[in-house]
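Q: Could we take a close look at one part of this model, the place where the ligand sits? I would enjoy a connected walk through that site and the charged pairs elsewhere in the chain.

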Amino acid sequence: MLDSYADIFARRADRYYRAMDMFPKARDAEFAVVADCLDADCKVVYDMPSGSGWLRRYIADDIRYVAVEPAEYFQQRCPSDERSSSLLAQVEAVPAPAGTACAIISLAGLHHAPDLSVIFAEMHRLLKPGGQLVIADVGAGSSADRFLNVYVDANNSMGHEGRFLDEETARLLVAAGFEVIEDRQAETPWVFGDRISAGAYCRDLFGIDGQSAEQVCDALADIVGLSEGDGSHVVQWSLRRIICRKPG
Ligand SMILES: C[S@@+](CC[C@H](N)C(=O)[O-])C[C@H]1O[C@@H](n2cnc3c(N)ncnc32)[C@H](O)[C@@H]1O
């Protein structure tokens, strides 16, 4: 068993990246659920941890995008242009001045963090007064929790022991100085052209070894839900989304 998230992604970032590269639209709804709630006047958004910055294409072109990513493999593949940049950094200690973010988005990246209160304090420092924090990750007790902490844990040689979002998360956010505006489960379906693609995608995304794509499909269908209709195959993924504001 590996003891830190950094160790895990140092070993399997390439498979995660391959999944995202092969099926770039599968998680459209998931990225939209965090991108679509940004304030209309947002000018700078930090994405932490960003992976390879896949969120960028869901953010309006006129918003400056800053990816913060601790794994070098991912950070090297982040977008870099006049409106997009990236920092190779821990999300607990970002080398950027206080008050420079209008919004911070954190998608699917907090469930292995050793101490959320340190990360929330850093997010609070980076945000300008009145700025937004949007977090989406697996909700404790959800079907995605069971898929990851039971099925993936049993079929990934590195295991999977996520600490998912729950009531305590909101308490920690308030303790860090945030006002919690919304805290709810959101539907974030993953869409594929055929059934086997759903299994192949999740095998790579979650580093599942020793199971075929077909077996992963069966587990998705049993635990999360996998439906077919209108020529697409949909994994009924959902995340808990928490929207907060740093008081102005
Ligand atoms: C499941 S990926 C999510 C990436 C991206 N936000 C997305 O939605 O595809 C988890 C991310 O957490 C990063 N990470 C690694 N170690 C971490 C740590 N100690 N704390 C927070 N994030 C970490 C990984 O490098 C990776 O980018």
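Which helix gives the most residues to the shell around the ligand?

A: Happy to walk through it with you. This is a predicted model, in which local features need pLDDT of at least 70 and side-chain atom pairs count only at pLDDT 80 or more, while totals for chains, interfaces and linings use all residues. Residues are numbered from 1 along each chain as its sequence is written, and side-chain values use heavy atoms, with hydrogens and water left out.

Helix α1, residues 5-22, gives the most to the shell, with four residues; helices (H or I, at least four residues) and strands (E, at least two) are DSSP runs numbered from the N terminus. In total, 17 residues surround the ligand, where near means having a heavy atom within 4 Å of it. The closest are Tyr16, Arg27, Pro49, Glu69 and Leu107. Sorted by class, the shell holds twelve nonpolar, three polar and two charged residues. Here Ala, Val, Leu, Ile, Met, Phe, Trp, Tyr, Cys and Pro count as nonpolar, Asp, Glu, Lys and Arg as charged, and the others, Gly among them, as polar.

Now to the polar contacts, which are pairs of N or O atoms within 3.5 Å. A polar side-chain atom of Glu69 lies 2.5 Å from a ligand oxygen, and an N or O atom in the Arg27 side chain is 2.8 Å from an oxygen of the ligand. Gly51 takes part through its backbone, with a polar atom 3.3 Å from a ligand oxygen. Taken alone, the ligand exposes 580 Å², and the protein buries 95% of that; these areas come from the Shrake-Rupley method with a 1.4 Å probe.

Turning to the charged pairs, the count comes to 13 salt bridges, each a side-chain nitrogen of Lys or Arg within 4 Å of a carboxyl oxygen of Asp or Glu. Among them, Arg15, Arg18 and Asp204 are linked in a network. Another joins Asp183 to Arg240, at 2.8 Å from N to O. That pair links distant parts of the chain, with Asp183 in strand β6 (residues 179-187) and Arg240 in strand β10, 57 residues apart. Arg240 is buried, at 12% relative accessible area, whereas Asp183 is partly exposed at 28%; buried means under 20%, exposed over 50%, and partly exposed in between (1.4 Å probe, protein chains only).

Key. A polar contact is a pair of N or O atoms within 3.5 Å; within protein, one must be able to donate a hydrogen and the other to accept it, and residues adjacent in sequence count only if both atoms are side-chain atoms.
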